Amino acid sequence: MGMDAEEELESGAPQDSEWPELEKAERLARGAALKWASGVFYSPKQLTRLDQYRSREAQRMCSIESRIKSTVQSYLESVQTGLEQLGLALKGVQEAQEALAEVREALRSQAEAAHTLQPLRELANQHGQLQAVTLLLPQLLAVPEAVARTQALIKGNRLLEAYEVLRELEQLRDEVSEPLGGHELSLFEGLTALGEELGLAMGKVVGSARQLARNDPALLVAAVRVAEFEEERDTWLQSPGPGRPRAWRLQCLEALRRALEEAYFEAPAPAPPGLAGHLAALREALPAELALAEALVAPCCPSHYGVVKLWAHTLHQGLCQHLQQLLDCEDLGTQDIFTLLHWALHIYPGPEMMGHPDLSPEASISELEPLLSLETVEQLERTYTEKLKISIAEWLQKALDGEVAEWFREQEPDIDPEGFYHSSLPAIVLQILDENIRLTAVINSSLQERVHGMALRELGTFLRSLIEALEHFSQEHLKDASRPRHYVPYLLACLNHYAALSSSVSLLKPAEVPTTTAGVSPAIDAALGDFKRKICRLILDALLEELQPLFVALPSRQWLSGLVMLDNVCEQTASFCSRFSRVRRPMAQMLLAESERAVVLEYLRGLMQGKLVCRNSAERIQASERMLQDSAQLRELFLSLVRDEGSLGPQGRGLGMPRAPSLQSRAPPLIPGPQQTAHHSFQELEESAQTGSVLGALQELFRLQDPALLSLEVSSFLHKFPDVSEEHIGVLLDVRGDVSREQRQVVLETMQANPPPSPRPYGHRPLFSLVPVPSPPLAFCFPSGSCS
């Protein structure tokens with residue numbers, strides 16, 4: 001039964017392939033129906049209810065067909081109504097097309113008629129313009145007279161009246177131009193030039209504001225009011241006329257600036273000799289100008305003009321450009337650079353000018369940049385330092401030339417009230433440097449630091465030049481011992497120069513200058529040390545020049561037998577060292593110590609010549625006693641020199657202490673005065689450089705009776721004097737005259753086995769290393785000689 005239903009459904013299916021969706025829907029419906037039927041009639045029990053299902057499905061089909069018929073009938077009625085409405089619309093469109101064709105034809109005929117009326121329309125337009133001009137004819141006829149009157153008012157500086165007439169003329173021009181379609185009558189062609197003329201006159205008046213504020217402030221106020229009226233017209237006019245906007249307010253401000261610049265900065269920069277006067281004049285004029293602007297000009301102008309600020313900023317900018325032009329065009333000297341820096345960095349921003357307490361806050365001084373840029377200030381500082389260096393070098397050279405000329409005088413150096421050799425050279429040098437360093441303190445610490453470093457370098461150069469002058473001085477003395485006549489006194493005076501310079505050079509550094517010149521102070525210390533050593537070397541050379549003839553007989557039989565030779569040495573040394581009383585302490589004390597050392601070294605040089613050989617024990621004892629007496633005599637000599645000079649120095653004051661030369665009374669004494677005792681002076685001498693004790697140690701080598709014990713004695717001697725060499729010991733053993741070759745070898749081997757400590761003991765100064773040892777004679781004989 002299921003198969004029959006399926007075949008029945010398939011046979012009733014339409015075969016129209018033009019509607020694939022319909023076929024698909026029909027297949028789905030058939031499949032659903034078959035599925036339902038197979039499900040319902042699957043069980044045999046349900047076949048009895050087949051008639052019921054068939055009856056019910058028949059009723060359902062009738063109902064569906066009825067609804068379909070009703071729906072189709074409704075659609076057909078709607079389509080009929082639509083067709084009727086489309087017919088009516090078509091009829092209306094046709095009627096509208098016919099009406100539009102009639103209107104188009106009517107318009108075509110009317111256009112031809114309107115073309116014939118164009119001349120009449122133009123005539124009507126001209127008639128309207130003529131009517132408007134006819135109404136304004138009385139005013140138009142008065143335009144030339146009004147223009148002439150405006151020009152007269154401008155020449156008479158009646159600016160408000162002139163502006164009123166000009167504004168009426170411009171208004172009349174606009175009224176006439178509107179009905180004429182924007183066309184301007186030739187009658188009004190001169191109004192633009194008239195407005196420019198009024199603007200120039202107004203700018204000229206405002207440019208004279210500084211004079212008018214005193215004499216005729218009303219005229220200035222009138223000019224400013226004209227500018228303000230015109231500024232307002234420029235803001236509300238929608239269609240500006242020719243020559244607008246005029247911007248007369250900006251023109252007024254520009255006129256004020258230009259007038260200030262012309263008054264103060266238009267003239268060429270003054271030559272350097274007149275720079276100080278020019279800056280002084282600006283110092284007086286600019287504060288007065290600002291006071292004038294605040295008191296007289298500002299009340300004549302609206303507040304938004306900012307007259308005080310305009311004045312201050314214009315003067316500042318003009319002054320910046322003015323100074324820059326001055327720096328670009330002129331080669332300024334040190335005085336002019338100093339004046340300019342002081343004026344720009346201190347006077348100008350100070351309370352006397354732009355920092356004046358009475359200046360209005362409206363000036364806005366805080367907004368101004370520095371008058372000179374940092375780069376410009378640094379460049380000026382470098383230029384000032386370089387030019388000042390040249391001047392200081394010239395001044396120091398002149399002072400040195402004057403000092404050197406005095407060295408060749410026929411009289412001794414000058415003596416100060418304390419009895420010491422004195423010269424103005426240290427005071428002049430230190431005063432030159434100190435004044436220039438202190439002077440720069442009024443500029444800034446940077447310049448003072450530069451000048452301080454430069455001054456110390458120039459002082460070092462001066463000291464080197466002084467050393468060269470001393471070298472030349474000594475060469476002249478070597479050429480002729482009688483010239484210069486007072487050779488040693490002037491050397492001693494130079495030693496006082498060293499004391500003054502060394503004690504006062506530290507005072508050249510101001511407290512404000514930071515410690516950034518650490519590389520300069522050691523150089524000065526080194527130069528001062530070289531200067532001191534050079535003077536001491538020349539003084540000691542002069543002493544040895546006098547003593548060397550007296551040491552020719554040392555050692556000799558004459559030396560062993562008497563005191564005459566050393567008495568002469570002591571007498572000559574005392575005479576020479578007596579002049580040390582003219583030298584300030586501690587230099588005099590140092591000279592005594594170095595003189596004592598030089599005498600002992602000369603004594604050792606004579607002894608090391610090996611000219612004397614002791615023939616027996618008695619002569620060795622005699623030589624030992626001679627050395628011991630010489631040591632005591634030398635010690636007493638220098639002790640007496642210190643004692644005598646400590647109690648009977650120049651003018652009874654003894655060896656005075658060095659005082660720093662007065663740097664305008666600001667340098668206190670650095671070392672205590674001459675109240676120290678002679679005993680204390682000799683104690684310092686003894687602790688610093690007592691070399692006479694070497695003679696006491698030498699005499700022990702000669703006093704020793706047993707040569708076998710020389711090794712121990714030499715070891716003790718080597719410990720006291722580490723710089724003694726084998727050659728020195730060999731010469732001393734030769735002078736003893738009783739040392740065999742084997743004993744000599746033992747002593748030398750002992751020295752080699754016990755070398756001196758390294759480094760040498762603290763405080764030890766070379767002694768024997770400064771004493772030359774003569775070369776031994778050549779050990780050979782000629783073949784034809786007596787020893788062949």
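Is R409 buried, partly exposed or exposed? R409 is partly exposed, at 22% relative accessibility, where buried means under 20% relative accessible area, exposed over 50%, and partly exposed in between (1.4 Å probe, protein chains only). Its side chain meets that of D414 in a salt bridge, 3.6 Å from N to O; the term stands for a side-chain nitrogen of Lys or Arg within 4 Å of a carboxyl oxygen of Asp or Glu. D414 is partly exposed too, with a relative accessible area of 40%.

This is a predicted model, in which local features need pLDDT of at least 70 and side-chain atom pairs count only at pLDDT 80 or more, while totals for chains, interfaces and linings use all residues. Residues are numbered from 1 along each chain as its sequence is written, and side-chain values use heavy atoms, with hydrogens and water left out.

The protein has 28 helices and 2 strands, taken as DSSP runs (helices H or I, at least four residues; strands E, at least two) numbered from the N terminus. Of its 788 residues, 41% are buried.

The whole structure holds 33 salt bridges. One of them joins E254 to R257, with the closest N and O atoms 3.5 Å apart; both residues lie in helix 11 (residues 248-264), 3 residues apart, about one turn of the helix. Another pairs D331 with K387 at 2.7 Å, N to O. This pair links distant parts of the chain, 56 residues apart: D331 is in the loop between helix 13 (307-329) and helix 14 (334-347), and K387 is in helix 15 (residues 374-407). D331 is exposed at 63%, whereas K387 is partly exposed at 22%. E378, E381, R382 and R450 are linked in a salt-bridge network.
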